[in-house]
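This report describes a protein model, moving through its sheets, its helices and its cores. The sequence and the coordinates are shown first.

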Amino acid sequence: MYDVCIVGGGASGMATAITIGMKTQNLKIVVLEKKSCICSKVKAAGNGRCNISNVKTTTFGDSVKFFRKIGVEIKSNKIGWAFPLSERGEDVAYAFERAADAYGIIIKKNFTVTEISKVDGYFQIMGETDNSFGKVEKITAKKVVISSGGKSYPEFGTTGDSYRFVRKLGHTVNKIRPSLAPIECESDFTDCSGTRVKGEVSLLLRGCVQSVEEGEIQFTDYGLTGICVFNLSREIVIDEMIRFQDYTVKLNLLSRYKPQEIFLVLDIRRGIKDLDTKDLMMSIVNRNIAEKLLSPWIKSTEKACQLTDDQLKQIVYAFMNVDFIVSKVQGWRKAQVTSGGVTFSEFNYESMESLKCKGLYLTGEVIDLDGPCGGYNLENAWNTGRKAGSAICIELSR
């Protein structure tokens, strides 16, 4: 009999466990982790640097204090993204492992949970380990925390099991979909694959702007990627009335200029001796992309000095309005986070306790809450884990 069983040894699960350990050492806690190590996604976050939080979140200060208590120092960059001082996600995972050991928290690795039920007021968690040869192990607990994540990056063990568990325990799960992912487009820019440009990128639904981002955009053989593109992917919602093809991604590769300003710049360039039309945008836009977009004018006008005012205006418009029709958002293997999950009306956001099943707590991606790139989603994991841990300590001390 355990006081608390935490399903999932990722970010929110470990935050829950360590919070309980910090507040009381009289409880028997077990963490069940499907993989051979805890915090696999934490280690991989931010290309291994671990974008641990964001200074713009309201709970950032709480996270700084929490991590300092387990030996992790945090720094932030000029746009507010926060990282461990070492910029190593492995250090964060190690700090959790060390703290769990110090607080007497049991971590069962390579343990796949197959079923969670509530019988006679207690939770029964069924599962098996890699070396159990099919033999099912049963764990009984007073409280259960479902922290086993969403469906993104399934190689780290997040294969959507959470949603099956919570549905069986009486919860409604809002439609889940991959988010913060590359966008596949209908385009002929495959020969520019790997090229990176900076600019403004907008998402339009049937011509109406839905969202605008600024940053580095990378062209791929299937479409577009980059942090600003990932953030736009959160807004692409498909239903019986809306198809992927109803969305357009628009690039403004001259976002630092107003149209008249860049027209004057190009007007001056017309006067550069023997400047080829293909070189009109040199040092302004990546050469590969520039030649691609200038190709209609290159074919008809070899030298820049031959371009008319109307042609210059057309060129300015073309570089400020590069349109891509969306064909799809890439799936779970490329998505950084899961959109959708347990609806907010079915749990208490202050304690993370279920309103459908007393003693059940929900943290991290299992709930319908996700944010943009930049540490917001890991902050959600730390915050919901700390809330659940604190609430459990209060409940079990009564």
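Predicted model: local features only at pLDDT ≥ 70, side-chain atom pairs only at ≥ 80, totals over all residues.

Residues are numbered from 1 along each chain as its sequence is written, and side-chain values use heavy atoms, with hydrogens and water left out.

**Strands and sheets**

Helices (H or I, at least four residues) and strands (E, at least two) are DSSP runs, numbered from the N terminus. Two strands are taken to pair if DSSP finds at least two bridges between them. In general, strands of a sheet pair through backbone hydrogen bonds, either parallel or antiparallel.

Strand β4 is joined to β5 (residues 81-84) by three bridges, and Ile74 has Pro84 in β5 as its bridge partner.

A closed barrel of six strands runs β11-β14-β13-β12-β15-β16, again with antiparallel pairing. On average, and with direction ignored, neighbouring strands of this sheet are turned by 45 degrees against each other; here axes are lines fitted to C-alpha atoms, for helices over the stretch in contact, and angles run from 0 to 180 degrees between N-to-C directions. The table lists two strand pairs that involve β13.

| Strand pair | Bridges | Residues between the strands |
|---|---|---|
| β12 (residues 196-205) and β13 (residues 208-219) | ten bridges | two residues |
| β13 and β14 (residues 223-225) | two bridges | three residues |

Within the β12 and β13 hairpin, Arg206 takes a positive phi near 50 degrees. Arg196 has Gln218 in β13 as its bridge partner, and Gln218 is in turn the bridge partner of Thr225 in β14, while Phe219 stands opposite Leu224 in β14.

Strand β11 (residues 183-186) contains Glu184. Contact means heavy atoms within 4.5 Å, and, not counting residues up to four places away in sequence, Glu184 touches Tyr222, Gly223, Ile325, Val326, Ser327, Lys328 and Gln330.

**Helices**

Two packed helices are described by the angle between their axes and the distance between the axes. Helix α1 (residues 11-23) and helix α10 (residues 376-397) pack at an angle of about 35 degrees, and their axes are 7 Å apart. By class, their contact has nine nonpolar, seven polar and two charged residues, where Ala, Val, Leu, Ile, Met, Phe, Trp, Tyr, Cys and Pro count as nonpolar, Asp, Glu, Lys and Arg as charged, and the others, Gly among them, as polar. The residues that meet include Ala15, Thr19 and Ile20 in α1, and Trp382, Gly385 and Ile392 in α10.

Helix α9 (residues 309-320) lies across β15 (247-252) and β16 (322-329), running at about 120 degrees to β15.

In helix α5 (residues 161-168), Asp161, Ser162, Tyr163, Phe165 and Val166 are buried; buried means under 20% relative accessible area, exposed over 50%, and partly exposed in between (1.4 Å probe, protein chains only). The buried residues of α5 pack against several strands, including β1 (2-7), β7 (111-119) and β9 (137-146). Just after α5, Gly170 takes a positive phi of about 100 degrees.

Arg98 is found in helix α4 (residues 89-102) and is classed as partly exposed because its relative accessible area is 40%. Arg98 and Arg270 lie 65 Å apart in space, C-alpha to C-alpha, and 172 residues apart in sequence.

**Nonpolar cores**

A nonpolar core is a set of buried Ala, Val, Leu, Ile, Met, Phe, Trp, Tyr and Cys residues joined through side-chain atoms within 4.5 Å. The largest such core has 68 residues, of which Phe67, Phe96, Ile116, Ile125 and Ile146 touch the most other members. Helix α10 gives the largest share of this core, with seven residues. A second, separate core of 48 residues includes Val201, Leu224, Val322 and Ala335.

Leaving aside neighbours within four places in sequence, the contacts of Ile116 include Val7, Phe123, Ile125, Ile146 and Phe165.
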